[in-house]
Amino acid sequence: MKKSLWRIAAFLMKELIYRCERNRVDWRKLSLFGAMLTVAGVVFQMFTLPYSLNMWFLLPPATVSLSGSMNGTIPSSEARSEARAEQFQLVPTVPIVSVNSSLKLIQSMPVEPKKVTDLVKRKPISRRRKKNIKPDDKSNILSPPPPHKTVPSRFQRYIWSLPPNEALVYAKKEIEHTPVVVDDPDLFAPLFQNVSVFRRSYELMEMILKVFIYPDGARPIFHQPHLKGIYASEGWFMRLMEGNRQFTTRDPEKAHLFYLPYSARQLEMALYVPRSHNMKPLSIFLRDYVNMIAAKYPFWNRTHGADHFLVACHDWGPYTVTEHEELSKNTIKALCNADLSEGIFVAGKDVSLPETTIRTPRKPLRNVGGNRVSQRPFLAFFAGNMHGRVRPTLLKYWRDKDEDMKIYGPLPVRVSRKMSYVQHMKSSKYCICPMGYEVNSPRIVEAIYYECVPVIIADNFVLPFSEVLDWSSFSVVVTEKDIPKLKEILMAIPMRRYLKMQINVKMVQKHFLWNPRPIRYDLFHMILHSIWFNRLKQIQVTNS
């Protein structure tokens, strides 16, 4: 139809030009030709415009009922064509919220209707505009909204209106009555002790949690993250927490948690006198800081520090809190040195922080990945300095004793010329992770990065995220007294179980990755969730 109209219009134009050139213009016929062109143009637009002509010229603007879309049905094409997109006003009706029936409310809440502007086809982006779009531009990336954004707006406002302590009570009740998760594409169930509880707790964290960061404290000890080396975890968390908008608030009255933004590594470099073996000045400095916070703000004394937390990955992290009783006993401490035997780390309240070695802060995910099982010829591998009590014992029994057990002190030059440290980990089935001076070791996370099943030798060590993760599904824990039987223990693991553990190591890897821009379930969010989860454990829920 369109082609025939174009042909008629072209023929008429040719005829008009021919007549004008010959000066034999019949004005009556010319008027007829103009009228025919006008009619042809109107008919042509009727087939090409997105709305009918009565929409544009004849009828006044009309409103469309949204009852169909509120019930889950898409408006018909007639309804869409009877009103302009910008004249729609979406005012969904939401039932009154009750705390006791909030779970049923979420399940029965009608889905918010799509804006009519989304139903109209968008114009394609021009080539020039496509070239100007940068790949890392957030505004051009179509990512799904966080789960709390899909919650009905009135329900979200109700949650935000709750006082912080009541919101935590609500969250704890929700977790205690969480529905069973059958399948979640973002979470691998075998990795978790209870994937349903973790998922519900995580969703509530995204919906509710607000953290107030104390602005007090001078650099470099405060607000200056250390992003490189084996103690980089505390710095990366500080950097991402202070740059976060979703979980932070500038109004401390709305906060559920309070962050003490100090760096144990920076504290050691600023105040410790080399070879003095005296850590007391560090703990006195932190004690005075907490006393200043308690005097300046009312929030510490309100809970005696129970809703405050700190993140410290330095080996001395636990010892910097000993001079302040409430800081040591009440505050949630996220520590790499999560040693139960010293009486500072409290399981169930404090958080075991993964120790990650970051060699290149601009590329924290460098070298992540490993070889296939068929390309891992070594049974086990370890190389490192002789720190602590466990490593000398390991070398005593296994260095140069077995071809399958690649156990070294510092990796010899003759060996590293042929195969680097990282290549050894990627070529081994099991990576031995013994404690050093303290129970924690960066080799645990390194093994996960290189898809090697970690073998952890550290008595009294609380494993990272053990409140939610099932470490037996992707690691092997060996007691210090069983080091002489290490190969026997590893050989006794059936190949089928090893293959499952190796797959699980790959699946758990995403929970231990530092992303310059945090994504759901990565290391930043896992640390924050453990702090949130352990805070909920302290909340007392009354039957009333």
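**Stop 1: the disulfides**

Counting cysteine sulfur pairs within 2.5 Å as disulfides, the total here is 2 disulfides. The model is predicted, so local features need pLDDT of at least 70 and side-chain atom pairs count only at pLDDT 80 or more, while totals for chains, interfaces and linings use all residues. Residues are numbered from 1 along each chain as its sequence is written, and side-chain values use heavy atoms, with hydrogens and water left out.

Select cysteine 313 and cysteine 336. Their sulfur atoms sit 2.1 Å apart and form a disulfide. The bond links distant parts of the chain, 23 residues apart. Cysteine 313 is in the loop between strand S3 (308–312) and helix H16 (325–329). Cysteine 336 is in the loop between strand S4 (332–335) and strand S5 (351–352). Helices and strands are DSSP runs numbered from the N terminus: helices are H or I with at least four residues, strands are E with at least two. Look along the S-S bond: the angle about it is -90°, and the link is left-handed.

Now colour by accessibility. Buried means under 20% relative accessible area, exposed over 50%, and partly exposed in between, using a 1.4 Å probe and protein chains only. Cysteine 313 is buried, at 0% relative accessibility. Cysteine 336 is also at 0% and counts as buried.

Next, select cysteine 431 and cysteine 452. A disulfide joins them, with 2.2 Å from S to S. Cysteine 431 lies in strand S8 (residues 428–434), and cysteine 452 lies in the loop between helix H20 (443–449) and strand S9 (453–457), so the bond ties together parts 21 residues apart in sequence. This link is right-handed, with 115° about the S-S bond. Both cysteine 431 and cysteine 452 are buried.

Counting bonded cysteines along the chain, the pattern is 1-2, 3-4.

Cysteine 433 is buried, at 2% relative accessibility.

**Stop 2: two packed helices**

Select helix H12 (residues 232–242) and helix H23 (residues 523–538). They pack at about 85°, with axes 10 Å apart. The axes are lines fitted to C-alpha atoms over the stretch in contact, and angles run from 0 to 180 degrees between N-to-C directions. H12 is therefore roughly perpendicular to H23, a label for angles of 65 to 115 degrees.

Show side chains. Phe237, Leu240 and Met241 in H12 meet Phe524, Ile527, Leu528 and Ile531 in H23, where contact means heavy atoms within 4.5 Å. What kinds of residue make up the contact of H12 with H23? There are 7 nonpolar, no polar and no charged.

**Stop 3: the aromatic rings**

The structure holds 25 aromatic pairs. Rings of Phe, Tyr and Trp (its six-membered ring) pair if their centres lie within 6.5 Å; planes under 30 degrees apart are stacked, over 60 edge-to-face, and the rest tilted.

Select phenylalanine 192 and phenylalanine 198. Their ring centres are 4.8 Å apart and their planes are at 25°, so this pair is stacked. Phenylalanine 192 is buried at 5%, and phenylalanine 198 is buried at 1%.

Move to tryptophan 471 and phenylalanine 512. This pair is edge-to-face, 6.0 Å centre to centre, with 75° between the planes.

Last, select Phe212, Tyr214, Phe258, Tyr297 and Phe299. Ring pairs link these residues into a cluster.

Methods. Parallel < 35°, antiparallel > 145°, perpendicular 65-115°, else oblique. Nonpolar A, V, L, I, M, F, W, Y, C, P; charged D, E, K, R; others polar.
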